[in-house]
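Subject: A structure for you to explore

Hi there,

Here is the structure I promised to pass on to you. Have a look at it first, and then read my notes below.

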Amino acid sequence: MVNREKIEQAVRLLLEGIGEDVCREGLRQTPERIARMYEELFGGLDETPRTYLEKTFPACGSQMVVEKDISFYSVCEHHLMPFYGKAHVAYLPQGKVVGLSKLARTVEVFARRPQIQEQLTAQIADALMEHLLASGVMVMLEAEHLCMTMRGVKKPGSKTVTTAVRGAFATDDRLQRQFFSMVK
Ligand code: ZN
């Protein structure tokens, strides 16, 4: 659980550290505001994807299910700056499917944590494999990282693309090509 008091203390120290006056009007409520905001941004730390993936529906057929352009917002664990973009998620069902909104919920559970994009991609794929007993999963994330575009090399609009393949997607190129043509 988020400890708001610790976050408030930390934000006060941070502001002092950059040479700000924490008592001035505009900053007085900032530590408290950030504490509340972080509770939401990092709410995924208290969640498990099981909550969303345990209710499934029987289904025949094993055709690829794709949910594309799922918007997500996460926070880079190296700089605590946002990275955000689109997630594309596909799985090959084996007798059961899950409500489509639950795929987006799964993305959110892992996005709302301090993250690196590669790990976020892998965690989504592994959760879907585990809970849906799918015969294959593929996840692709395209994101802009503010720690890249706002500072340092400053390349606004540049995207980082990551993929994770599991099961049949890892061994069958045709499935991967089908996925790419569907999310394009
Ligand atoms: Zn970063």
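In sequence, the donor residues of the zinc ion follow the spacing C-x2-H-x67-C. Donors here are N, O and S atoms within 2.8 Å of the metal (3.2 Å for Na, K and Ca), and because water is not among the atoms, sites may look incomplete. The protein donors are C76 through SG, H79 through ND1 and C147 through SG, at 2.1 to 2.2 Å from the zinc ion. Helices (H or I, at least four residues) and strands (E, at least two) are DSSP runs, numbered from the N terminus.

Is C147 buried or exposed? C147 is buried, with a relative accessible area of 8%, while H79 is partly exposed at 38%. For these words, buried means under 20% relative accessible area, exposed means over 50%, and partly exposed is in between (1.4 Å probe, protein chains only).

Before going on, please keep in mind that this is a predicted model: local features need pLDDT of at least 70, side-chain atom pairs count only at pLDDT 80 or more, and totals for chains, interfaces and linings use all residues. Residues are numbered from 1 along each chain as its sequence is written, and side-chain values use heavy atoms, with hydrogens and water left out.

Now for the whole chain. The protein chain has eight helices and seven strands. Its C-alpha atoms fill a box of roughly 65 × 35 × 20 Å, taken along the principal axes. Of its 184 residues, 38% count as buried. Among contacts between residues at least 6 apart in sequence, 68% join residues at least 24 apart; contact means heavy atoms within 4.5 Å.

Next, two helix pairs. Two packed helices are described by the angle between their axes and the distance between the axes. The axes are lines fitted to C-alpha atoms, for helices over the stretch in contact, and angles run from 0 to 180 degrees between N-to-C directions.

Take helix α4 (residues 100-111) and helix α5 (residues 117-132) to begin with: they pack at an angle of about 135°, with their axes 9 Å apart. That makes α4 oblique to α5. Angles under 35 degrees count as roughly parallel, over 145 as roughly antiparallel, 65 to 115 as roughly perpendicular and the rest as oblique. α4 contributes L103, T106, V107, F110 and A111 to the contact, and α5 contributes L120, Q123, I124, A127 and L128. These residues divide into eight nonpolar, two polar and no charged. In this count, Ala, Val, Leu, Ile, Met, Phe, Trp, Tyr, Cys and Pro are nonpolar, Asp, Glu, Lys and Arg are charged, and the others, Gly among them, are polar.

The other pair is helix α1 (residues 4-17) with helix α2 (residues 30-41), whose axes come within 8 Å and cross at roughly 130°. α1 and α2 are therefore oblique to each other. In α1, R4, I7, E8, V11 and R12 meet P31, E32, I34, A35, R36, Y38 and E39 of α2. What kinds of residues make up the contact of α1 with α2? They divide into six nonpolar, no polar and six charged.

I124 lies in helix α5 and is buried, at 0% relative accessibility. Leaving aside neighbours within four places in sequence, I124 is in contact with V89, V107, F110, V139 and L141.

H88 is in strand β3 and is likewise buried, at 0% relative accessibility. Not counting residues up to four places away in sequence, H88 touches E67, K68, D69, M138, V139, M140, E142, F179 and V183.

D69, one of the residues that H88 touches, is in strand β2. Phi of D69 is near 55°, a positive value in a residue other than glycine, and D69 is partly exposed at 40% relative accessibility. L80 also has a positive phi, of about 50°, although it is not a glycine. L80 lies in the loop between β2 and β3 and is partly exposed, with a relative accessible area of 47%.

Happy exploring!
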